[in-house]
Protein chains: 4
Amino acid sequence: MKQQSSVTAAHVTHLRVRYAETDQMGVVYYANYLVWMEIGRVELVRSLGLLYHQLEREEGLYLSVIGANCQYRSPARYDQEIAVETRVGKANSRIVEFTYRILSLNPDRLLAEGSTRHIWLDREWRPTRLPAQYAAKLRVDASES
Amino acid sequence: MKQQSSVTAAHVTHLRVRYAETDQMGVVYYANYLVWMEIGRVELVRSLGLLYHQLEREEGLYLSVIGANCQYRSPARYDQEIAVETRVGKANSRIVEFTYRILSLNPDRLLAEGSTRHIWLDREWRPTRLPAQYAAKLRVDASES
Amino acid sequence: MKQQSSVTAAHVTHLRVRYAETDQMGVVYYANYLVWMEIGRVELVRSLGLLYHQLEREEGLYLSVIGANCQYRSPARYDQEIAVETRVGKANSRIVEFTYRILSLNPDRLLAEGSTRHIWLDREWRPTRLPAQYAAKLRVDASES
Amino acid sequence: MKQQSSVTAAHVTHLRVRYAETDQMGVVYYANYLVWMEIGRVELVRSLGLLYHQLEREEGLYLSVIGANCQYRSPARYDQEIAVETRVGKANSRIVEFTYRILSLNPDRLLAEGSTRHIWLDREWRPTRLPAQYAAKLRVDASES
């Protein structure tokens, strides 16, 4: 399978740390960074003119996760403003990788880096290709596989 | 609408507090008690010979929440063993109320009390009645409305 | 204990439904409304010139929940924009009640209503009074008890 | 830094999928596998005669995550019984890696595999070594660094 490195610029999404996201160490619980990554990729997709919930409802296309990793650099704390920088990494019409940098704004600090890999599924949960008109928006060459 | 007080004995479910469930006060975050209530009512239903996931998949019956309340008496802490006592409260074929007492076992202490109210929905999200064979298991008189 | 009805206007906070907040019924899981209530009251407090995390860190004041309830009117769905209207309800220097209306913006619909009650605790988890300078910001008459 | 491959056998923990853990795709939301990993490693540690909450409270030792990854093989569904197999991977007195295999029991299927890496921190959040008496229980050679 050939893959294509994307030149997509980072999309930046802001959020504020919720009390519910902290744990008794006084910092954000580690699984919640994956929730923030999901917010980052949904907002990146929205910024490209796609609505993920429309892909699901109208096209029956589901972006199913096959892998995730996160490297934790510095803890996030309650009420901090967070920036999630999301980029499309390697991608073709069947697989999409997103990469993430998660930063606090005050102080300005890298908190975590990571990536998630996804495949497209149809309504019957079979792997499928992202149709060309959507692939173009994600800057993925749909002719590749 | 007539309602019927249940004489169902309490069903007791045990669980252990997860790190993910704590917050930076060092105790369980308040919304998680509603998650424990859900576990309690599913296990109560299971103990009566019903599988809630079968009701959903095979009968297209959904137990939709219309109200919830919780009174917090004492905080739950990480790694404590918790008992969730669940009872069927007022119920007929259209509405079910569950009541809950949530206790820690070591020390033996009441942590919270609460209740949830639910209606049955069909696959089109219309209010419906619980069929008689299921109502009987929940000890609900299906002839009432 | 005398209590005082607040004339505080509603503070409105906006958020967008996260995929993580949905469940397999295709709507927001019921416990997450309590997370949104927390966001609402923190932002209300912020709008009054108080930072809750500073109260915790610098003053050792903790807003501990003693009761919560929520009435569910209509389900929230993935990616909807949500408005959380929060008001200070009955309050004095020891107890604060917040009331909430949770609405979707598109369509414009009431999703849920509820309230939470809280007491102030000090670092040793003893009930305490909110100092007068903070009570004034919350429009609470600190002379009452 | 030398590291040591552990010969620790897998510890197996069982849990049941909660409704709260599903999302609108009808399967478990991907971040929740990290919550299950946490349960797996806490129970592994307990099985070796250590209580993680005692390490935190009495020794001021915190197991801080520095990396996590998960490969998703097959989706977990509501109410399934899950087995979390946890092993100590590479470990010395400063760093511990845990590896995980997450399986459903009915049907018997591999759902996910992954690992987490951790360092020990003291009460001031400085990296520290696990004292020898605890390292021995984790089958880690505390003389190495």
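Which side chain meets that of C:Glu43 in a salt bridge? It is the side chain of A:Arg16, at 3.8 Å from N to O. C:Glu43 lies in helix α1 (residues 32-47) of chain C and A:Arg16 in strand β1 (residues 11-16) of chain A, so this pair joins two chains. The model is a predicted one.

**Salt bridges**

Over all chains, the count comes to 40 salt bridges. Three of them are set out below.

| Salt bridge | N to O distance |
|---|---|
| C:Glu43 and A:Arg16 | 3.8 Å |
| B:Arg126 and B:Glu124 | 3.2 Å |
| D:Glu43 and D:Arg46 | 3.0 Å |

The partners in these pairs can be described by their accessibility. In the pair that joins chain C to chain A, C:Glu43 is buried, with a relative accessible area of 17%, whereas A:Arg16 is partly exposed at 29%. For the pair in chain B, B:Arg126 has a relative accessible area of 48% and is partly exposed, while B:Glu124 reaches 52% and counts as exposed.

The pair in chain D belongs to one helix: D:Glu43 and D:Arg46 are three residues apart in helix α1 of chain D, which means that about one helical turn separates them. D:Glu43 is buried, with a relative accessibility of 17%. Elsewhere, salt bridges that share partners join A:Arg16, A:Asp79, C:Glu43 and C:Arg46 into one network.

The size of an interface is often given as the accessible area lost when the parts come together. For chain D and chain A the buried area is about 2,200 Å², and 60% of it is on carbon and sulfur atoms. D:Met25, D:Tyr30 and D:Trp125 supply 31% of the area that chain D buries against chain A, more than any other three residues. The contact draws 26 residues from chain D and 26 residues from chain A.

How many salt bridges does the rule find across the interface of chain D and chain A? The number is zero. Polar contacts do occur there, with 14 residue pairs found.

On the side of chain D that touches chain A, at least two residues come from each of α1 (32-47), β2 (62-72) and β5 (108-121) of chain D. The largest share, nine residues, is that of β2(D). Sorted by class, this side of chain D has 16 nonpolar, five polar and five charged residues.

Strand β2 (residues 62-72) of chain A pairs with β2(D) in the antiparallel sense, over five bridges. In one of the bridges, A:Cys70 has D:Ala68 of β2(D) as its partner.

**The contact of chain A and chain B**

Between chain A and chain B the buried area is about 930 Å², with carbon and sulfur atoms giving 57%. Nine residues from chain A and nine residues from chain B take part in the contact.

Here too the count of salt bridges is zero, and four residue pairs are in polar contact. The side of chain A that touches chain B has five nonpolar, three polar and one charged residues.

How values were computed. Residues are numbered from 1 along each chain as its sequence is written. Chains are lettered from A and ligands numbered from 1 in the order in which they are written. This is a predicted model: local features need pLDDT of at least 70, side-chain atom pairs count only at pLDDT 80 or more; totals for chains, interfaces and linings use all residues. Side-chain values use heavy atoms; hydrogens and water are left out. Contact means heavy atoms within 4.5 Å. Buried area is the accessible area (1.4 Å probe) that two parts lose on being put together, summed over both. A salt bridge is a side-chain nitrogen of Lys or Arg within 4 Å of a carboxyl oxygen of Asp or Glu. A polar contact is a pair of N or O atoms within 3.5 Å; within protein, one must be able to donate a hydrogen and the other to accept it, and residues adjacent in sequence count only if both atoms are side-chain atoms. Helices (H or I, at least four residues) and strands (E, at least two) are DSSP runs, numbered from the N terminus. Ala, Val, Leu, Ile, Met, Phe, Trp, Tyr, Cys and Pro count as nonpolar, Asp, Glu, Lys and Arg as charged, and the others, Gly among them, as polar. Two strands pair if DSSP finds at least two bridges between them. Buried means under 20% relative accessible area, exposed over 50%, partly exposed in between (1.4 Å probe, protein chains only).
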